[in-house]
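Me: Please take me through the side-chain contacts of this model, one question at a time.

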Amino acid sequence: MRTLLDWFDCIDTALNRWLVARSIGLLRASIGLVFIAFGLLKFIPGMSPIEGLAGRTAELISFGLLSPRVGMIVIGLLECVIGLSFITGKFLRVGVWLMGAQMVGAMSPLVLFPGELFSGPSYGPTLEAQYIIKDVILVAAGLLIAATWTGARIVAQPTPLRTS
């Protein structure tokens, strides 16, 4: 007779196998959708909550070659290309490299404008800083996806909850 623990172990093992088979694809698709959604916002003036900061950053790191508005369009195009690469899996290696470059640009305001981004009470991060800091998660997810293009795979090796 199966115990509750045995049923849980059976369900947990089945779920683990399903996740092993699909989690990287789901991660790629979700990152792709996030990049496309945030990229599309950059094309519509006033829609991106980080528009002013991103535009000034693009102008600064391009040494004035890009105006803030053109910088937003370039960032939006880059983010949409990254998103499409992640969703389709086409040119994924290029997409991950572009994501790395984009993340350097996206996180550079933390260095370029720290006084503006950490001006909250007790120098806590502003909403814009929090918006940027969350990109650390995207970087980690991108690194995991990058590992898979050379053949790395997640392998299911469930261990029973009981050893007896």
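Reply: A charge is taken to sit over a ring if NZ of Lys or CZ of Arg is within 6 Å of the ring centre and within 35 degrees of the ring normal. The model discussed here is predicted.

Me: Over the face of which residue does Lys-134 lie?
Reply: The ring centre in question is 4.8 Å away from Lys-134, and the cut-off for a charge over a ring is 6 Å. The ring is that of Tyr-131.

Me: With which residue does Asp-135 form a salt bridge?
Reply: The closest N and O atoms of the pair are 2.4 Å apart, and a salt bridge requires a separation within 4 Å.

Me: Which residue forms an aromatic pair with Tyr-131?
Reply: A search of the whole structure gives one aromatic pair. Its ring centres are 5.7 Å apart, and with 80 degrees between the planes the geometry is edge-to-face. The pair links distant parts of the chain, with Tyr-131 in helix 7 and its partner in helix 1, 93 residues apart. The partner is Phe-38.

Me: Is Glu-79 buried or exposed?
Reply: Glu-79 forms a salt bridge with Lys-42, at 3.0 Å between the closest N and O atoms. The pair joins helix 3 to the loop between helix 1 and helix 2, across 37 residues. The relative accessibility of Glu-79 is 6%, and the limit for burial is under 20%, so Glu-79 counts as buried.

Me: Which residue meets Arg-56 in a salt bridge?
Reply: The N to O distance of this salt bridge is 2.6 Å. The pair links distant parts of the chain, with Arg-56 in helix 2 and its partner in helix 6, 60 residues apart. Arg-56 also lies over the face of Phe-113, at 5.0 Å from the ring centre. The salt-bridge partner is Glu-116.

Me: How many salt bridges does the count come to?
Reply: Side chains of opposite charge can pair when their charged atoms come close. With the cut-off of 4 Å between nitrogen and carboxyl oxygen, the count comes to three.

How values were computed. Residues are numbered from 1 along each chain as its sequence is written. This is a predicted model: local features need pLDDT of at least 70, side-chain atom pairs count only at pLDDT 80 or more; totals for chains, interfaces and linings use all residues. Side-chain values use heavy atoms; hydrogens and water are left out. A salt bridge is a side-chain nitrogen of Lys or Arg within 4 Å of a carboxyl oxygen of Asp or Glu. Helices (H or I, at least four residues) and strands (E, at least two) are DSSP runs, numbered from the N terminus. Buried means under 20% relative accessible area, exposed over 50%, partly exposed in between (1.4 Å probe, protein chains only). Rings of Phe, Tyr and Trp (its six-membered ring) pair if their centres lie within 6.5 Å; planes under 30 degrees apart count as stacked, over 60 as edge-to-face and the rest as tilted.
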